[in-house]
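Work through the exercises below with the structure open. Each task is followed by a stepwise solution.

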Amino acid sequence: MKEEALEIINGVLAKGRKSLVEYEAKQVLKAYGLPLPEEKLAKSADEAIKYAEEIGYPVVLKLMSPQILHKSDARVVALKIKDADELRKKWEEIHENARKYRPDAEILGVLVAPMLKPGREVIIGVTEDPQFGHAVMFGLGGIFVEILKDVTFRIVPIEEKDAWAMIKNIKGYPILAGARGEEPADMKALVDMILKVSKLVDDLKDYLKEMDLNPVFVYNEGEGAMIVDARIILK
Amino acid sequence: MHKTFIALNREFPSENFQFRRNFNEGFKLKVMNMEKPRIVEELKPFFEPKGVAIIGATDKKGKVGNVIFENFKMNKEKGIFKGNIYPVNLKLDEIEGYKVYKNVREVPEDAELAVISIPAKFVPATMKDIAEKGIKAVVIITGGFGELGEEGKKMERDILQTAKENGIRIVGPNCVGIYAPDTGVDTVFLPENKMDRPSSGNIAFVTQSGAFAAAMLDWAAMAGIGISKMVSYGNKLDVDDADLMDYFIHDEQTKVVTLYIEGVKEGRKFIEAARRITAVKPVIALKSGKTEYGAKAASSHTGALAGADTIYDAVFKQTGILRAEDFEHMFDVAKAFAKCKLPKGDRVGIITDGGGAGVMASDAVAKFGLKMAELSKETIDFLKEKFPPHAVAGNPTDVVGDTDAQRYKYAIEAFVNDPNVDAIVIITLFQVPLLDEMELIDILAEYAQKSDKPIVAVAMGGKKTEYYAKILEDKGIPVYMTPERGVRAVAGLVQYAKYLEKLGE
């Protein structure tokens, strides 16, 4: 776990970078067994088409560049791609957008990802406090985090009862528990994720500054959760 | 819902519960089995020194060194302070019949504590004298160190180095130090005629701020809140919150610890000590102070959302520390811990002689995440049989304005025996005409004593009410001015009981 994650982190540091692109961040998360979609990094449109066929359409393209951390601002994400023709078109489009946004952008490749079934959105994050060390954050995604700031923190290492308390502490908890006739969300999967993130942070605390898993889709009870986007910032 | 008390979604109550029993039996089971850490011995001379050297003692009225000397002298005359007093001052030979020593090196061998109030620039050298003398506990009242720039910080480093090399523990600098009513240690330099001292009790109070310490002690004296020990540590050069929490675990007189914190320097140490103490004694914290986060540009969502306040919230939740909204809240809850047993669950029963007050209490039950108890059929039947038709048997039970003490007694008896009630809030408007106040007080005291449920009282009113409230408190029942404050105190008991129960799982 730790060795694999450190290899990726050291690789990034060796290039003089402090932040991991989504693809790299997800490699680190994968090393700790966090739930991730089957995704591949393509260096050419042809390669992307090959991967898209393996994954199955519709797919998503996300351009990976260390200079572009806000992918939607730079319009380098293309969703719901139905076939090879559309993929080629979008491939050109996101590269063009990247050049416009940051002419000097170094492009590491394009992440080919499946279109995920939408779930309830949550955010899991990490920050470092100067006195108490690293803390994990949990909250509901979208407006809940943006506007209501309905989040809760716990200091690493986190025990299972703390992870459950985090989920139940947020005001939006009824949304996860199943409000308005909805089925309850897979909270066990979330607890498992929080504990894995805690372990990851505990191992890598000398390197990690901040981390966002945002959004994470959580599905109905028994159906798990999936990290859609991830960002890691190093010290 | 009130942010401090978020009800956890779990099964509650449980009957057989070791931690709760520990609390109700005065922690003896748990604490007896714990190994005493070194800190207990190290801090002992701060609270019960055989002799105290007062460095900077003077006969000039109003001077810090004079007030501290007078405090010890007065407590010795009263027979509370049992140690010897050794004033130290280069320029004096005698103060009010006490021999004055030129240097701390000359004081007799039984001096175990030194209290320093001389100007900052003389403190580093004095520390070396103290080290030579072999005194291991020092309170530095003097200000003008780290809080005033680089030169002061350098002096602090020198002082700390001397301390570390010689195994000396320091409280302060820039503080009011120690107040221990049972042993007569009182380094609070605000004179008795300007600031009252609270009586002896079970609440320990730890504070960074000296001003807050003084204001709180004065107020606690007025409010009749008993203090076991007060420590104001100021710049926290050495002894900090974590050390004191470890000390209070083993302090038999302390039942509950209150902390006023501006900032924690060693986060890990704090977390570990907090976990140790909350497993046996409740800790209530009031946290203030701005953060360095404001200036920090965060590159992630999470970083942007993390304020020091949210992090402290996390620390308190994880370590079982109850967070107080304000000063009043802190001591309302502390008072409940000092006097009450821990509840088995979160179901509250309310007895009142005024309908409006009952509604206010019911609202507060919801606000603080508690539940209104559903009374058993036996309780309802019993009350209906004993009550006149216009009194209300229910929750709240309203004994109404023509009540006498006996009607209260029926209600309390029924609530105490009802397995569906975990905690009882009794609202007494002492003003009603037929109520014999002393009879009611005795009934309350009797049930608070024999029941294993927490019982708190609410008494709203003026001077006469205050008079009876005081008697009631002296008999071991916490009394609150409003239904909301009474219920909020119960919520604190419930929150801690839940924390303990989760620990036991």
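**Exercise 1.** Classify the crossing of helices α3 (residues 45-55) and α5 (residues 84-101) of chain A.

Step 1. In this predicted model, the axes of α3(A) and α5(A) come within 10 Å and cross at roughly 140°. Axes are lines fitted to C-alpha atoms over the stretch in contact, with angles from 0 to 180 degrees between N-to-C directions.

Step 2. α3(A) is therefore oblique to α5(A). Under 35 degrees counts as roughly parallel, over 145 as roughly antiparallel, 65 to 115 as roughly perpendicular, and the rest as oblique.

Step 3. List the contact residues (C-beta atoms, placed from the backbone, within 7 Å). α3(A) gives Ala45(A), Ala48(A), Ile49(A) and Ala52(A). α5(A) gives Ala84(A), Leu87(A), Arg88(A) and Trp91(A).

Step 4. Sort by class: 7 nonpolar, no polar and 1 charged. Ala, Val, Leu, Ile, Met, Phe, Trp, Tyr, Cys and Pro count as nonpolar, Asp, Glu, Lys and Arg as charged, and the others, Gly among them, as polar.

**Exercise 2.** Find the strand partners of β11 (230-234) of chain A.

Step 1. Strands are DSSP runs of E, at least two residues, numbered from the N terminus. Pairing needs at least two DSSP bridges.

Step 2. β1 (residues 19-20) of chain A pairs with β11(A) in the antiparallel sense over 2 bridges. Ser19(A) has Ile233(A) as its bridge partner.

Step 3. β9(A) also pairs with β11(A) in the antiparallel sense, over 5 bridges. Here Met211(A) is bridged to Ile232(A).

Conventions
Residues numbered from 1 in each chain as written. Chains lettered and ligands numbered in written order. Predicted model: local features only at pLDDT ≥ 70, side-chain atom pairs only at ≥ 80, totals over all residues. Helix = DSSP H or I, 4+ residues; strand = E, 2+ residues; numbered from the N terminus. Contact = placed C-beta atoms within 7 Å.
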